[in-house]
Amino acid sequence: MNVCPFCHEGNACAVASDQACWCFNESIPTGLLDLLEDDDLNKKCVCQNCIAEYKKSPAKFEVKLRHNRNVSD
């Protein structure tokens, strides 16, 4: 749960701690959540960098994601 499902970097998730996670105050686009693999949905937190990158340019984010998924296959 501590690794972003998109970039595989740390996501600073605090859900398991006694504090509220930063994501509770973040607006996460539905389109970004739609890109999650079924196995990751409601199980892994997206990092702030990927959220910002998606908000800046959803199309570029999707192209990069498709490329990264093809490389890892």
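Mentor: Start with accessibility: buried means under 20% relative accessible area, exposed over 50%, and partly exposed in between (1.4 Å probe, protein chains only). Helices (H or I, at least four residues) and strands (E, at least two) are DSSP runs, numbered from the N terminus. In α2, the residues that are buried are Cys-50, Ile-51 and Tyr-54. Viewed down the axis of α2, these buried residues fall within an arc of 100 degrees, so they line one face of the helix; the arc is that of the directions from the helix axis to the C-beta atoms. Asn-49 and Lys-56, on the other side of α2, are exposed.

Trainee: What kind of model is this, and how are residues numbered?

Mentor: The model is predicted; local features need pLDDT of at least 70, side-chain atom pairs count only at pLDDT 80 or more, and totals for chains, interfaces and linings use all residues. Residues are numbered from 1 along each chain as its sequence is written, and side-chain values use heavy atoms, with hydrogens and water left out.

Trainee: How is pLDDT read, and which elements have the lowest and highest mean values?

Mentor: pLDDT is the predictor's confidence in each residue, from 0 to 100. Where pLDDT is low, the predicted coordinates should not be read in detail. The protein chain averages 88, and 96% of the residues score at least 70. Among its elements, α3 has the lowest mean pLDDT (90) and α2 the highest (96).

Trainee: What covers the buried residues of α2?

Mentor: Contact means heavy atoms within 4.5 Å. The cover over the buried residues of α2 includes α1 and α3 (58-72). Leu-32 shows such packing: beyond its neighbours within four places in sequence, Leu-32 is in contact with Phe-6, Val-46, Cys-50, Ile-51, Tyr-54 and Phe-61.

Trainee: Which residues of the largest nonpolar core touch the most other members?

Mentor: A nonpolar core is a set of buried Ala, Val, Leu, Ile, Met, Phe, Trp, Tyr and Cys residues joined through side-chain atoms within 4.5 Å. The largest one has 18 residues, of which Phe-6, Leu-32, Leu-35, Val-46, Cys-50 and Phe-61 touch the most other members. Two or more residues of this core come from each of α2 and α3, and α2 gives the most, with three residues.

Trainee: Is Leu-36 buried or exposed?

Mentor: Leu-36 counts as buried, at 10% relative accessibility. Its place is in the loop between α1 (30-34) and α2 (48-56). Leu-36 and Phe-6 are 30 residues apart in sequence and 7.9 Å apart in space, C-alpha to C-alpha. Leaving aside neighbours within four places in sequence, the contacts of Leu-36 are Pro-5, Phe-6, Leu-41, Val-46 and Arg-69.

Trainee: How many salt bridges are there in the whole structure?

Mentor: Side chains of opposite charge can pair when their charged atoms come close. A salt bridge is a side-chain nitrogen of Lys or Arg within 4 Å of a carboxyl oxygen of Asp or Glu. A search of the whole structure finds four. In one of them, Glu-26 meets Lys-55 (3.0 Å, N to O). Glu-26 lies in the segment before α1 and Lys-55 in helix α2, so this pair ties together parts that are 29 residues apart in sequence.

Trainee: Which residue forms a salt bridge with Arg-69?

Mentor: Glu-37 does, with the closest N and O atoms 3.2 Å apart. This pair links distant parts of the chain, Arg-69 being in helix α3 and Glu-37 in the loop between α1 and α2, 32 residues apart. Arg-69 is partly exposed, with a relative accessible area of 27%.
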